[in-house]
Amino acid sequence: MKVNGTLINYYIHCPRQCYLHAHRLNLENNSEDVKVGKALHESKYMNDDNAEISIENIRLDKLTKEYLTETKKSDADVEASRWQLIFYLYTLKKKGIERKGKLEFFQKNKEKKIVIIELDSQIENELLMKINEIKNLLNNEKVPDIIEMRHCKKCAYYEYCYI
């Protein structure tokens, strides 16, 4: 399987989630949080020609002359979202398209949070190491162990892991 932005995000968030998703155990379709996130994307980018662009194995939320913008409904895992956007920026750079990254978090009853990201050689090297780690994880026959974290109860895979 080719590594994509979703797998990068899941790997940072939870290697077990990454492994299960990559091996076609997709439980996100039953998740209310995932449905809310999809609805946010649809309403935010409904009539925007620069939005929802597919390139190879990635889907970009919005691409302008200055930014590649990734929109999330919550800042519950900024680090996972950050690495997903870094992967997208790197993919574009390999195609000769260089942009800054912008993470936008829209949370109910909170002010919008924005994080700006710029690629450099150190970040690119870290990304390549993470991609290799993911490939090694996915080639393993054993499902990674459960790592209990505070966000597990909101995860689409909670029932699979704990019940």
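**Labels and their cut-offs**

Modeller: At 54% relative accessibility, glutamate 56 counts as exposed, since buried means under 20% relative accessible area, exposed over 50%, and partly exposed in between (1.4 Å probe, protein chains only). This is a predicted model, in which local features need pLDDT of at least 70 and side-chain atom pairs count only at pLDDT 80 or more, while totals for chains, interfaces and linings use all residues. Residues are numbered from 1 along each chain as its sequence is written, and side-chain values use heavy atoms, with hydrogens and water left out.

Biologist: What makes lysine 95 and glutamate 56 a salt bridge?
Modeller: Their side chains meet at 2.6 Å, N to O, and a salt bridge is a side-chain nitrogen of Lys or Arg within 4 Å of a carboxyl oxygen of Asp or Glu, so the pair qualifies. Lysine 95 lies in the loop between α4 and β4 (100-105) and glutamate 56 in the loop between β1 and β2, so the pair ties together parts that are 39 residues apart in sequence. Helices (H or I, at least four residues) and strands (E, at least two) are DSSP runs, numbered from the N terminus.

Biologist: Why is lysine 95 called partly exposed?
Modeller: Its relative accessible area is 41%, which falls in between the limits for buried and exposed.

Biologist: Which salt bridge does lysine 2 make?
Modeller: The side chain of lysine 2 meets that of glutamate 56 at 3.6 Å, N to O, linking the segment before α1 to the loop between β1 (51-55) and β2 (58-63), 54 residues apart. Lysine 2, at 55% relative accessibility, counts as exposed.

Biologist: Why is glutamate 70 called buried?
Modeller: Glutamate 70, in strand β3 (residues 67-72), has a relative accessible area of 3%, so it falls under the limit for buried. Its contacts (heavy atoms within 4.5 Å), leaving aside neighbours within four places in sequence, are Asp61, Gln84, Leu85, Tyr88, Lys102, Leu103 and Glu104.

Biologist: What makes α4 largely enclosed?
Modeller: Twelve of its 17 residues are buried, so the rest of the structure largely encloses α4; among those buried are Trp83, Phe87 and Tyr90.

Biologist: Where is confidence lowest, and where highest?
Modeller: By pLDDT, the predictor's confidence in each residue, from 0 to 100, helix α3 (residues 32-44) is lowest at a mean of 54, and α5 is highest at 97. Where pLDDT is low, the predicted coordinates should not be read in detail.
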